[in-house]
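Subject: Structure handover

Dear colleague,

I am passing this structure on to you, with notes on what was found in it. Please look through the model first and then read on.

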Amino acid sequence: MRSIIRGNVPNSYTHYKDARNDLAERIGWFCSYCEMPVRNMIEVEHIHPVANGGNELDWDNFLLSCRYCNSVKKNNNMNRVGFFWPDVDNTPLAFEYSESNIIEPATGLQPNERSSALSSINLMGLNRTPHSGNEPTDADSRWIARINAIGIINESYNDWLTCPTQQFARQIARTATGHGFYSFWIMKFNNVQIVINEINRAFLGTYEPQYNNGIKVIRQNGSF
Ligand SMILES: [Zn+2]
């Protein structure tokens with residue numbers, strides 16, 4: 001789950017949906033949870049559901065979500081507590097991505113952190129995939145987009161090995177923004193810092209975890 005910087009509120013809104021373009025300008029047209037690119041029908045999602053007391057028009061309560069993550073999440077979280085959120089937490093360090101298991105809590109988490117990571121995965125159904133026992137609904141196309149992206153990622157990686165240039169790193173970053181699923185790109189190019197840097201630059205509003213003497217710095221307003 002890419003960690004994002006929403007920034008200060010750019011406008012006042014009379015309806016939460018009016019914040020869509022401003023959000024997309026800051027963090028790109030991607031689901032903040034599953035990382036799928038959404039060019040149309042992207043939804044402004046309330047982190048703290050309005051039905052559970054969340055502020056309907058508060059910029060800091062907004063993320064962009066695909067309709068699938070939003071519809072699985074519904075009003076199922078009472079508040080922000082017990083989950084990791086991409087606008088305040090070091091979410092890239094909370095989850096591990098792989099082609100086989102999709103998304104899991106990162107190894108080495110404390111028990112309470114692992115619980116928050118699992119709760120976040122379950123809240124949006126981020127690991128739903130056919131024949132896994134954790135089935136997507138018929139309407140849910142996140143897994144199809146993810147499989148397509150993983151194919152492109154693997155091809156891009158193989159091509160990188162034969163053409164490891166700065167220009168090609170930039171092209172890979174453009175391809176990454178086209179196909180989305182940021183964390184799978186980061187997973188595959190894990191040891192290729194030149195590509196990682198270009199990808200982080202290309203995905204708008206990406207927050208990179210900060211370290212102090214090798215120790216992760218907890219994000220402001222976050223718990224991780
Ligand atoms: Zn999503």
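Predicted model: local features only at pLDDT ≥ 70, side-chain atom pairs only at ≥ 80, totals over all residues.

**The start of the chain**

T14 has a relative accessibility of 74%, so this residue counts as exposed. Another residue to look at here is Y13, which ring pairs link with W59 and F62 into a cluster.

**The zinc site**

Which residues hold the zinc ion? Its protein donors are the SG atoms of C31, C34, C66 and C69, lying 2.3 Å from the ion. Along the chain these donors follow the spacing C-x2-C-x31-C-x2-C. C31 is in the loop between helix 1 and strand 1 and C69 is in helix 2, 38 residues apart, and this pair links distant parts of the chain. Both C31 and C69 are buried.

The angles among the four donor atoms run from 106 to 115°, and the site is tetrahedral. For comparison, the ideal angle for four tetrahedral donors at a metal is 109.5 degrees.

**Aromatic pairs**

A pair of aromatic rings is described by the distance of the centres and the angle of the planes. With ring centres within 6.5 Å as the cut-off, the count comes to eleven aromatic pairs. Two of them are described here.

In the pair of F30 and F203, the ring centres are 4.9 Å apart and the planes stand at 40°, so the pair is tilted. F30 is in the loop between helix 1 (20-27) and strand 1 (43-46), while F203 is in the loop between helix 8 (193-202) and strand 5 (211-212), so the pair ties together parts that are 173 residues apart in sequence. F30 counts as buried because its relative accessibility is 7%, and F203 is buried as well, with a relative accessible area of 2%.

In the pair of Y33 and W85, the centres are 6.2 Å apart and the planes are at 65°, so this pair is edge-to-face. Y33 lies in the loop between helix 1 and strand 1, and W85 in the loop between helix 2 (67-73) and helix 3 (91-94), so the pair ties together parts that are 52 residues apart in sequence. Y33 is buried at a relative accessible area of 0%, and W85 is buried at 2%.

Charged groups also sit over rings. The charged end of R39 is over the ring of F30, 5.6 Å from the ring centre. Likewise, the charged end of K216 is over the ring of F224, 3.3 Å from the centre of that ring.

**The core and other buried residues**

In soluble globular proteins, nonpolar side chains tend to be buried together. The largest nonpolar core of this model has 59 residues, and those that touch the most other members are Y33, F95 and L126. Leaving aside neighbours within four places in sequence, Y33 is in contact with residues including W85, C69, M124 and L126.

Helix 8 has buried residues too: V195, I196, E198, I199 and N200. The buried residues of helix 8 pack against helix 5 (142-162), helix 6 (166-179) and helix 7 (182-188).

Is N90 buried or exposed? Its relative accessibility is 0%, so N90 counts as buried. This residue lies in the loop between helix 2 and helix 3. Apart from neighbours within four places in sequence, its contacts include S3, Y207, K216 and F224.

**Two residues with positive phi**

M41 is not a glycine, yet has a positive phi of about 60°. M41 lies in the loop between helix 1 and strand 1 and is exposed, with a relative accessible area of 58%.

N213, also not a glycine, has a positive phi of about 55°. Its place is the loop between strand 5 and strand 6 (215-216). With a relative accessibility of 77%, N213 counts as exposed.

Best regards

Key
Residues numbered from 1 in each chain as written. Heavy atoms only, no water. Phe/Tyr/Trp six-rings, centres within 6.5 Å; stacked < 30°, edge-to-face > 60°. Helix = DSSP H or I, 4+ residues; strand = E, 2+ residues; numbered from the N terminus. Buried < 20%, exposed > 50% of the residue type's maximum accessible area, 1.4 Å probe, protein only. Lys NZ or Arg CZ within 6 Å of the ring centre and 35° of its normal. Core = buried A, V, L, I, M, F, W, Y, C linked by side-chain atoms within 4.5 Å. Contact = heavy atoms within 4.5 Å. Donors = N, O, S within 2.8 Å, 3.2 Å for Na, K, Ca; no water. Tetrahedral: all angles 85-135°; square planar, octahedral: opposite > 155°, others 65-115°.
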